[in-house]
Amino acid sequence: MTQSTIRLALFVPLALFIALTVLLLKGLDRDPTELPSALIGESFPAFILPQLQDPQRLLVTEDFAGQVVLVNVWATWCFACRIEHPMLNNLAEQGVKIVGLNYKDQRGQALQWLEERGNPYWFNIVDQQGSLGFDLGVYGAPETYLVDAQGIIRHRRVGVVDQRIWDQEFSDLYRQLTAADSNIFVREKVSDQ
Amino acid sequence: MIRVLSLALLICLLPSHAIDRHSILLASDELVTFSQPALRDRYHNLIYELRCPKCQNQNLADSNAPISTDMKVQVHQMLEQGLSDRQIKDHFVARYSEFVLYRPDVNPRTWLLWLAPGLLLLIGIAIIWRQFRSDRSPGRNAINGDTATTELSAQQQQRLQQLLNRESDQP
Amino acid sequence: MIAEVGHMALIVALCLALIQMVAPLAGTFLGHRSWMNLGYNLSLGHLLFVTIAFACLVSAFLNDDFSLKYVAQNSNTELPSYYKFSAVWGAHEGSLLLWSLILAGWSAAVALFTRHLPLVFTARALSVLAAISVGFALFMLLTSNPFERLLPVAPEQGGDLNPLLQDIGLIVHPPLLYMGYVGLAVPFAFAIAALIGGQFDSAWARWSRPWINLAWMFLTLGITLGSWWAYYELGWGGWWFWDPVENASFMPWLVATALMHSISATEKRGVFRSWTLLLAIFAFSLSLLGTFLVRSGVLTSVHAFASDPERGVFILAFLAMVVGGSLLLFALRGPAMQKVANYSGWSREVMLLINNILLVSSMTMILIGTLYPLLADVLDLGKISVGPPYFNFFFVPLMVGLLVAVGIGAFTRWKRTETGIIRQNSILPLSVSLLGALVAPLWLGPEATALSESWLSGYSMGAALSVFLALWVILVIAQDFWQKLDGRLSRFRKLSASYWGMQIAHTGLAICALGIGLSTVYDQSKELRMVPGDSAQVAAYRFELVDINQHPGPNYLAYRGEVQVYRQNQLVTVLFPEKRTYNAGGQVMTEAAIDASLTRDIYVSLGEPLPGGAWAVSLQVKPFVRCIWLGGLLLALGGLLAAGDRRYRRSRAKSQAVSPTSEVVSA
């Protein structure tokens with residue numbers, strides 16, 4: 001090894017360390033606990049489950065196809081869901097269609113809960129075993145999925161959706177999707193597939 | 001008549017109940033049972049390798065979170081259905097993303113992770129090999145800028161080695 | 001009032017450290033002896049004031065002063081007083097104060113015990129240590145003040161100390177660990193002083209060795225204790241999880257081990273000088289990196305302190321300055337070090353090089369695995385997890401290589417060893433180890449599993465390998481003793497402390513490896529649904545659940561089970577596992593019940609209550625698991641003995657004998 005190679009080699013530890021520091025600095029902006037959904041860009045999973053209000057009625061994905069919806073995973077045992085509920089009522093008043101997924105809960109308690117707190121949901125799917133939740137990759141309530149008119153999952157939020165989260169993560173995308181949805185030309189194009 | 005019969009029945013039941021308690025050593029049930037013993041080993045390996053999506057860095061085996069329990073049940077069901085380990089893992093990855101694998105899949109995104117340690121070790125072995133085979137002749141050392149000493153006579157070499165050997169006893 | 005005194009003391013300590021950082025170092029360049037001498041008094045003064053600050057915080061905890069935010073978050077009136085004391089370092093701010101206290105202690109020790117070394121050298125080293133103290137003091141005062149008040153209204157009751165931490169292990173584990181982490185700052189400071197002074201000879205290496213051995217010993221104890229604590233406290237029988245915070249303590253340990261060995265070659269033969277300096281810098285850098293990882297929130301871990309990006313940025317800036325500065329110094333000064341490599345073949349130098357390579361490779365692999373999820377996230381490659389399967393995959397073969405090398409290293413000589421000598425010395429230990437390794441699983445297997453299968457089925461290659469490696473190292477050590485004694489027992493006295501230290505430490509390593517291998521291979525466990533009256537068989541033991549009932553504790557309510565354990569119908573022990581619910585926060589903890597012995601641990605813990613009055617119970621028999629921590633203790637003992645070797649004792653006479661080259665003042 002020549003002298004100049006050795007001189008250069010001595011700077012390698014410093015160079016590696018600088019790279020490490022840059023990595024760590026960038027890492028400070030990231031949240032390691034945030035887990036994006038594995039289903040972004042995929043179709044909403046198929047299911048056949050009863051409805052909360054009318055348990056005889058079985059629901060399938062087609063029941064909310066053709067519109068942009070929020071699918072909100074909730075349960076009466078979920079403390080944070082109480083905090084989120086007023087926001088959902090708010091969104092429903094603004095015309096956002098919310099499909100509820102009542103996750104591993106008791107029907108009677110769920111009905112009473114909605115009675116007490118208001119019902120923002122277009123309708124509620126009862127997932128007592130958690131099977132649809134599992135197919136969705138749900139790991140804790142509340143979770144909210146934004147599903148477009150073609151039934152593709154576009155975004156997921158784990159945790160409470162409040163005004164700030166709505167503005168940051170959902171609002172623009174929702175507007176974009178509903179604008180596209182109202183365009184008949186686009187809808188026809190999609191139905192050809 | 002009925003009373004006699006019921007009494008007789010009771011008398012028959014009582015001792016058998018007592019026998020149940022003491023004669024069967026394994027009265028307690030395994031929480032998770034398998035139709036074949038090989039499945040049990042695969043189950044333990046899988047719950048060791050799968051991560052609880054919600055917990056602060058725990059595998060399914062060590063975690064009591066509801067989602068972990070659900071996932072363990074799923075693993076058990078899928079094993080009984082005859083799915084392979086690969087299929088079971090893919091099943092979870094499709095729903096929870098690669099995050100749930102504690103043993104990352106080998107794909108272009110993880111080549112650096114899986115190959116780097118081996119490469120580093122190879123570099124290390126190369127360094128060791130070079131030293132192992134290095135030639136100690138004075139001419140060659142002079143080229144390397146070595147400040148090694150001038151040549152020693154054979155007797156001096158022997159004396160040097162003796163001294164060094166003695167020193168080797170001290171860590 | 002007391003909190004304000006503590007706060008003031010911390011500020012005074014900062015000021016003293018600032019002066020200590022600048023004056024002695026400047027003195028070495030300007031030739032002012034009086035400035036250089038300041039280091040001694042300043043470091044003692046700094047220690048005094050940090051101690052005062054610490055004492056004030058302790059007092060606040062013991063007096064339930066909930067007007068202090070830190071006390072309110074981490075303590076509770078119901079907490080027993082010994083836990084109130086340990087709660088001082090139970091969370092971020094207080095643990096930083098403990099860090100500072102221990103650093104002040106090590107600095108003062110350096111000032112006190114290096115009087116016989118050249119003043120120029122010690123002045124520089126003390127300045128470096130002071131610079132680190134300044135960093136931590138500023139960190140506390142600016143972002144993480146333990147004396148911050150909750151005004152105007154102090155809460156009546158505090159949160160609570162996390163029940164996981166309400167344990168003897170917590171009282172002892174962090175202080176021990178910090179003694180190690182912080183202790184590595186001393187060889188770091190010595191390395192920087194050497195780089196500044198341009199002196200890299202064997203004298204520097206000899207001065208540094210006892211400090212490295214001591215810091216390493218504490219780190220070994222801290223990690224061993226942490227592993228043992230996780231084992232009995234967490235409730236499911238695991239003792240190492242390759243969690244980022246665990247890795248953060250293991251990496252400096254690996255590098256410190258490499259440093260300890262590399263510096264021996266530097267002292268004896270003047271080789272590996274750049275290696276040794278770099279290792280000294282790396283060891284402490286990894287300590288600081290660990291501090292960053294644990295407190296910044298970039299990685300998910302069960303151990304992590306509550307995170308705050310502002311704190312993360314501060315530590316990162318500090319890390320960048322300290323480590324970046326030292327690596328830059330290394331790169332600039334490096335060419336001054338002349339290569340003197342004149343060894344080859346089977347020589348002790350090559351064995352130590354192998355040692356260095358294996359340990360540094362292990363450390364790098366662990367670093368890559370720990371940081372890869374972060375790298376993947378930053379590069380938008382997705383969220384990837386790296387866990388025990390990855391780490392074990394690489395670590396086990398590396399350690400196998402290391403254990404083989406430990407054996408060979410014992411009979412190699414400096415500079416060159418004839419292959420004949422290698423062959424001669426290895427033939428006996430090798431053959432006995434191989435034989436023992438082949439035979440042992442035949443007996444161990446059935447013994448551990450209590451299955452009367454034929455002796456060939458259930459034979460474990462893993463167990464054979466573990467036994468081979470352990471026997472290999474131990475037999476080589478025994479052979480070395482035999483050769484040294486050469487038939488004369490009187491020679492026992494002549495063996496130096498560092499020799500004893502080495503042999504005991506290597507024995508400890510072998511026992512630790514044996515424990516890891518055998519407990520992993522032969523672990524037997526069952527998870528069962530049990531009601532009182534049920535019994536079950538695991539390995540050679542029959543477990544009978546007698547009863548489960550409620551049992552109140554000082555600050556919790558427990559369900560306590562009584563489990564009788566029989567072997568061949570003889571009662572072995574009665575165990576009382578508990579499931580506790582803590583009053584203050586409602587957390588649920590599993591307290592496992594363990595019957596410990598060197599050959600096996602019996603481990604019973606309660607799971608969840610099940611319908612029908614039943615409980616999920618976990619029954620485990622873990623052969624030889626205790627050897628892991630016994631090995632760790634022996635390692636630490638070895639380090640202590642090595643540090644105490646007479647060669648390192650200070651003496652006036654010795655300082656005269658120090659070679660003139662060590663008196664070099666920088667150009």
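How many helices and strands does chain B have? Chain B has 7 helices and 1 strand. The model described here is predicted.

**Chain B**

Read from the N terminus, the elements of chain B follow the order α-β-α-α-α-α-α-α. Of the 171 residues in chain B, 21% are buried. Among contacts in chain B between residues at least 6 apart in sequence, 39% link residues at least 24 apart.

**A sheet built from chains B and C**

The strand of chain B takes part in an open sheet of 5 strands, in the order β1(B)-β1(C)-β10(C)-β9(C)-β8(C), with antiparallel pairing. At the edges stand β1 (29–30) of chain B and β8 (593–595) of chain C; each has a single partner strand, so one side of each is left without a neighbour in the sheet. Strands of a sheet pair through backbone hydrogen bonds, either parallel or antiparallel.

The pairing across the two chains consists of 2 bridges between β1(B) and β1(C), which run antiparallel. One of the residues involved is B:Glu30, whose bridge partner in β1(C) is C:Leu528. Within chain C, strand β1 (residues 524–530) is joined to strand β10 (residues 614–623) by 7 bridges, and these strands also run antiparallel. Here C:Met530 has C:Trp615 of β10(C) as its bridge partner.

Chain A has an antiparallel pair of its own: strand β6 (residues 143–147) and strand β7 (residues 153–158) are joined by 5 bridges. A:Thr144 is partnered by A:Arg157 in β7(A). The two strands form a hairpin with 5 residues between them, and A:Gly151 in the turn has a positive phi of about 85 degrees.

| Strand pair | Bridges | Direction |
|---|---|---|
| β1(B) and β1(C) | 2 bridges | antiparallel |
| β1(C) and β10(C) | 7 bridges | antiparallel |
| β6(A) and β7(A) | 5 bridges | antiparallel |

**Where the chains touch**

Between chains C and B, 57 residues of chain C are in contact with 50 residues of chain B. On the side of chain C that touches chain B, at least two residues each come from α10 (244–269), α13 (348–378), α14 (388–410), α18 (497–522), β1 and β2 (535–538). The most is given by α13(C), with 11 residues. By class, this side of chain C has 26 nonpolar, 18 polar and 13 charged residues.

The contact between chains A and B takes 8 residues from chain A and 11 residues from chain B. The side of chain A that touches chain B is made of 4 nonpolar, 3 polar and 1 charged residues.

**Helix α2 of chain A**

Helix α2 (residues 12–27) of chain A has 16 residues, which at 1.5 Å a residue should span 22 Å; its end C-alpha atoms are 22 Å apart, in agreement with that. Which residues of α2(A) are buried? They are A:Pro13, A:Phe17, A:Leu24 and A:Gly27. These residues cover an arc of only 75 degrees around the axis, so they lie on the same side of α2(A). The buried residues of α2(A) pack against α11 (273–296), α12 (309–333) and α13 of chain C. On the face turned away from the buried side are the exposed residues A:Val12, A:Ala15, A:Ala19 and A:Val22.

**Nonpolar cores**

The largest nonpolar core has 241 residues. Those with the most contacts inside it are C:Ala185, C:Phe188, C:Val255, C:Ala256, C:Ala283 and C:Val473. Helix α9 (residues 202–234) of chain C gives the most to this core, with 17 residues. Not counting residues up to four places away in sequence, C:Phe188 touches C:Ala280, C:Ile281, C:Ala283 and C:Phe284. A second, separate core has 54 residues, including A:Phe44, A:Leu88, A:Tyr139 and B:Tyr102.

**A buried residue in chain C**

C:Leu126 belongs to helix α6 (residues 119–143) of chain C. Is C:Leu126 buried or exposed? C:Leu126 is buried, because 29 other C-beta atoms lie within 10 Å, and 20 or more make a residue buried. Leaving aside neighbours within four places in sequence, the contacts of C:Leu126 are C:Gln20, C:Pro24, C:Gly39, C:Ser43, C:Ser107, C:Val110 and C:Ala111. C:Gly515 is 389 residues from C:Leu126 in sequence and 41 Å from C:Leu126 in space, C-alpha to C-alpha.

Notes. Residues numbered from 1 in each chain as written. Chains lettered and ligands numbered in written order. Predicted model: local features only at pLDDT ≥ 70, side-chain atom pairs only at ≥ 80, totals over all residues. Pairing = 2+ DSSP bridges. Helix = DSSP H or I, 4+ residues; strand = E, 2+ residues; numbered from the N terminus. Contact = placed C-beta atoms within 7 Å. Nonpolar A, V, L, I, M, F, W, Y, C, P; charged D, E, K, R; others polar. Buried ≥ 20, exposed ≤ 12 C-beta atoms within 10 Å, placed from the backbone. Expected span 1.5 Å × (residues − 1). Arc of directions from axis to C-beta. Core = buried A, V, L, I, M, F, W, Y, C linked by C-beta atoms within 7 Å.
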